[in-house]
Amino acid sequence: MSETPPPEPDPREPDPGRPSPDEARPDAAPVDTGPYRSAADRAAERAQIDGLNAIREDHDDPPRPGERRPPSRASYLDDFGALPDERRAPGSRAAARHRDAVLLSAGHSVAEADTIEAVLKLMTRLSAPDLPLDGQVVFDVRDRLLTVAAQVGFRPPGTRRRFRMPLTTTYPAAEVARTGRPVFLGSTQEYRERFPATWHISMGKAKEAWAFLPLTSAGRVVGVWLAAFSAPTDFTPEVRGLLTTTARLIGQALERARSSRAELALSRGLRQSMRSADPAQLGLSVATRYVPTGGGLMVGGDWYDSIDLPNGQLALVIGDVQGHDVHAAGLMAQLRTAVHAYAAEGHGPDAVLARASHFLSALDDDRFATCIYIEADLVTGDLHIARAGHPHPVLRLADGTCMIKHVSGGLPLGVLPGEENYPVDVIRLQDEEILMLCTDGLIENGGHDMYSGWPRIRDALAQGPTDDLEGMADRVMTAVLTPTEPGPDGAAPRDGDDMALLLVRRVSGRRPAAVPERRLVLTIGQDQGEGLAEARAELKALLHDWARPDQVDTVVLLATELLGNVLVHTDQAGVLTAYVSGDPGGRRLLLEVMDRGDELPHQRAPGELASSGRGLMLLDILADQWGVRPEPEGKTTWFALTESSPGPGEPESPLIDGDLDA
């Protein structure tokens, strides 16, 4: 018959057979416990850390039968006040456990604190009858000087006084900074005896004990923490271990604060180096906006630029380096400089991006970047565009119609070195038209994706006069940063990605017509079959407010047929040009498709099972007018359609979406 084992003792109950910490270590004389600590000091610190590790978080699952778990941190914090006075006496095990629990709780909060002052306020929770913490100072060590980085409990809030002390001074904090060893002063008398030249500095502040501990990073002292107490204090090994652990937490917070200040200074300088938009010059006006990342930096991986080229033209650039940390900001600065240098050498848009891709892949194998580079002809308004994985630009016509302008593109910069191929498309910006370039953060901010984020930008662009480009940029940013509806996943209006916006407008030297004309031009090469889908999307955007949706479907069908004929029956590229003129309700569309093929089309009578030959029949049935016009090189096939209002009870067009996408 087995014996029942005795019950395990409650760790919160005092053990009568074990001496209290004070009895076990009656010698509490202050001894330096810095880098050259004694074995007893190291053991005390290990015991302190073991005590912290023993305080575990609350468990979500109930304990198994017979299982004993250490009390949770919350239980120590909640139950301590209910203990009898003798159980809460200074030096008792319950008091030590309570202080450990407070330190562990503060440690979790320190990781989220924004400033050193906030960290020191968290540490005031350590104050107890046997540890009457009454004031704290963090000294920064720089250039052989001590300066005050933060303080709590010494001066009233809002009062500031400059403090600078050479490290050669015989002051406790200076000695700690020089030697890396802490200094514990348990009474005023001890302070006066050990530091007779500077003890008076700390007098008259209602403090009677002091502890100065080093704050280290990467093996060097970066600061000193002063903990002052309102009564003489016996710095036992347990107390010293507690203060050493606290100093480690404060040292980590100080290093984070230093890193944040350095990153902020770097990002602020990078942002200031971004060239702001110049006034309207020679027919083009530019407006720019930048909103930094939500991580506290003033700049991330996004950038924009405008560059005066040697040939008298203007280059416009927008890009986005992967990530939005200080490393992305540094890569952005180097890549931006490289693009500027390649442009100044006179390279074309495709060559600039190819060289920039080589540069980035040699600089960092782990990051890539997207970019759009535009060389603008200031006289004609022609924009020569090369795109490296970046979102397509948006074209706003003079009447407010906005469409995503699909342009050819290559891989992002830094991806697959040696495979760079960036075709150049040409868009002619008409008078009072606006081209918008942006980074993906602008579209996706608020939890949106590249599709759901587009309508709010389109609505903001469509409003207001075109001559107020700065006001239009403000409207776009307002729509993105303060949306009227949350994103699809309920995200907050501001996300962690930075945002860049660049607007360029063709400035007209003449008064615009009362009813502006819409115009669309695009080219589809033989190797660009996906261009058919892009052409359909841009035509739908051009006719977004057409009175009859079935007429829009007709236009898309006929344009697809004409472009398909060029790709199938010739070895040339097809150029589509569409014009919309007139007043709403009676507007006229003229659509032309030109190719350099010599053979003129002719109508045929296809059989019932024939797979081709119906293109001109569709033109004859659905268009108001159509024709074929010979050109000096090739031919142009065109059709015209007049907008009409649907009559009462008139059925919708029998065309189906599947026909349009075929």
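Gly 615, Leu 616 and Leu 619 are buried in helix α16, residues 615-622. Buried means under 20% relative accessible area, with a 1.4 Å probe and protein chains only. These residues sit on the same side of α16, because they cover an arc of only 95° around the axis. The arc is that of the directions from the helix axis to the C-beta atoms.

This is a predicted model, in which local features need pLDDT of at least 70 and side-chain atom pairs count only at pLDDT 80 or more, while totals for chains, interfaces and linings use all residues. Residues are numbered from 1 along each chain as its sequence is written, and side-chain values use heavy atoms, leaving out hydrogens and water.

**Around α16**
- The buried residues of α16 pack against α15 (549-569), β20 and β21.
- Helices (H or I, at least four residues) and strands (E, at least two) are DSSP runs, numbered from the N terminus.

**The sheet**
- Five strands form an open, antiparallel sheet in the order β17-β18-β19-β21-β20.
- β17 (518-524) and β20 (625-630) are the edge strands, each pairing on one side only.
- Two strands pair if DSSP finds at least two bridges between them.
- β20 and β21 (residues 635-642) pair over six bridges.
- Gln 625 stands opposite Ala 640 in β21.

**Glu 538 in α14**
- Glu 538 lies in helix α14.
- Glu 538 is buried, with a relative accessible area of 1%.
- Beyond its neighbours within four places in sequence, Glu 538 is in contact (heavy atoms within 4.5 Å) with residues including Met 403, His 406 and Leu 520.

Notes. Buried means under 20% relative accessible area, exposed over 50%, partly exposed in between (1.4 Å probe, protein chains only).
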